[in-house]
Amino acid sequence: MSEKTIAVLTSGGDAPGMNAAIRAVVRAGITSGLNVMGVKRGYNGLLSGKLGEDILGMKLRSVSDIIHRGGTMLYTARSPEFNTPEGVQKAADNCRKLGIDGVVVIGGDGSFRGARDLTGAGIPCIGIPGTIDNDIASSEYTIGFDTAMNTAVEMIDRLRDTTESHDRCSVVEVMGRRCGDLALQTGIAVGATTILVPEVPYDFQEMIIDRMRFTQQAGKKHFIILVAEGVDRDVSEFAREIEAQTGIETRATVLGHVQRGGSPTLRDRVVASEMGYRAVELLTAGKSNRVVVMRDSKIIDLDITEALAMKRTFNKELYDIAHKISI
Ligand code: ADP
């Protein structure tokens, strides 16, 4: 009987820790007696199907020296072509031509929809949650989130030094289009006066101006207002209005893509390693259309279709606590 072959790819937005997950899949696969292929640039690599160019044979040493590196050695992409029935069929046909019996997809919910469709076209897939936003409903943790939070905290601590020296207000935008987790955790860690997230409606006067005035009367002279990317207004607009209403010099800062990069934290490396290992275990056990997730701090697996139907919950209690103590 010929050896089974699995492939691994990273798709959608990149996240620190994806390399650690790739390493775990490759090493676990090879030690379980499988051939492992690395697919470049997400589903685009499967659509190309070019062996040696977009699809690489992986050996134990192919993933040396990557566990501590940010980004993804396999590159990542969004693939409009794959997001069509014809694209999924073409990718499945290429997998059959290359003898690929299963695929591990590291990415977000969009990538999991792709994995579900590819499973439907006859290629068993397993998903691993990798995104700095922590915006996957089925998993309480996603690979990259811890690194991104720590990067944001380090950057804002630097901003705080200058904000404090000038008695200023800093309005800082962190990533999170649909999910305020990064803003919430970071906001608590830097002692932000106000945290705005897409999940909680806000009143500008009450949440920003009144809170700033109250803390000012209690002796505070510098302020950090933390805003998630998905909030309806631009940080420059917030800054102009705050300065106009309070007379406090206010600057806007968008942290931007620095939040995606950098060496993954211990937590991201460890979670990615275990998730990668579990994904291979599922494929060798003949499972498919599953996603490896963290629930109640344990790593388990769920059906992808069920996982995709789950609704995210925002930790409003923690959000309220943050605002009670940052005064
Ligand atoms: P993420 O995985 O980070 O959520 P995207 O939403 O951009 O990122 O999805 C990544 C890729 O997954 C897309 O470019 C597309 O190729 C594929 N994909 C997304 N949604 C679907 C879908 N409904 N069906 C098939 N493929 C999809």
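User: How do the axes of helix α7 and helix α8 lie, and at roughly what angle do they cross?

Analyst: This is a predicted model, in which local features need pLDDT of at least 70 and side-chain atom pairs count only at pLDDT 80 or more, while totals for chains, interfaces and linings use all residues. Residues are numbered from 1 along each chain as its sequence is written, and side-chain values use heavy atoms, with hydrogens and water left out. The axes of α7 (residues 204–217) and α8 (residues 235–246) come within 11 Å and cross at roughly 50°. Axes are lines fitted to C-alpha atoms, for helices over the stretch in contact, and angles run from 0 to 180 degrees between N-to-C directions. Helices (H or I, at least four residues) and strands (E, at least two) are DSSP runs, numbered from the N terminus.

User: Why is α7 called oblique to α8?

Analyst: Angles under 35 degrees count as roughly parallel, over 145 as roughly antiparallel, 65 to 115 as roughly perpendicular and the rest as oblique. The crossing angle is roughly 50°, and that makes α7 oblique to α8. The crossing of the two helices is right-handed, a term used if the near helix is turned clockwise from the far one by less than a right angle.

User: Which residues of α7 meet α8?

Analyst: F204, Q205, I208, I209, M212 and R213 of α7 meet F238, E241, I242, Q245 and T246 of α8, where contact means heavy atoms within 4.5 Å. These residues divide into 6 nonpolar, 3 polar and 2 charged. Ala, Val, Leu, Ile, Met, Phe, Trp, Tyr, Cys and Pro count as nonpolar, Asp, Glu, Lys and Arg as charged, and the others, Gly among them, as polar.

User: What makes α5 and α6 oblique to each other?

Analyst: The axes of α5 (residues 145–165) and α6 (residues 181–190) cross at roughly 45° and come within 9 Å; α5 and α6 are therefore oblique to each other. Their crossing is right-handed. Among the α5 residues that meet α6 are F145, M149 and I156, and the residues of this contact comprise 9 nonpolar, 2 polar and 3 charged.

User: Why do β7 and β9 count as edges of their sheet?

Analyst: The open sheet has 4 strands in the order β7-β8-β6-β9, with parallel pairing. β7 (194–196) and β9 (250–254) each have a single partner strand, so one side of each is left without a neighbour in the sheet. Two strands pair if DSSP finds at least two bridges between them; β7 and β8 (residues 223–228) have 3 bridges, in the parallel sense. I195 has L226 in β8 as its bridge partner.

User: How many strands form the sheet with mixed pairing, and in what order?

Analyst: This open sheet has 7 strands, ordered β3-β2-β1-β4-β5-β10-β11. At its edges stand β3 (55–58) and β11 (298–303), each with a single partner strand, so one side of each is left without a neighbour in the sheet. The twist averages 25° from one strand to the next. β2 (residues 35–39) and β3 run antiparallel and are joined by 4 bridges.

User: Which domains does the assignment give?

Analyst: The domain assignment gives domain 1 (5–144 + 264–309) and domain 2 (148–260); such bounds come from an automatic or database domain assignment. The domain centres, taken over C-alpha atoms, are separated by 35 Å. In the contact between the domains, 9 residues of domain 1 touch 9 residues of domain 2.
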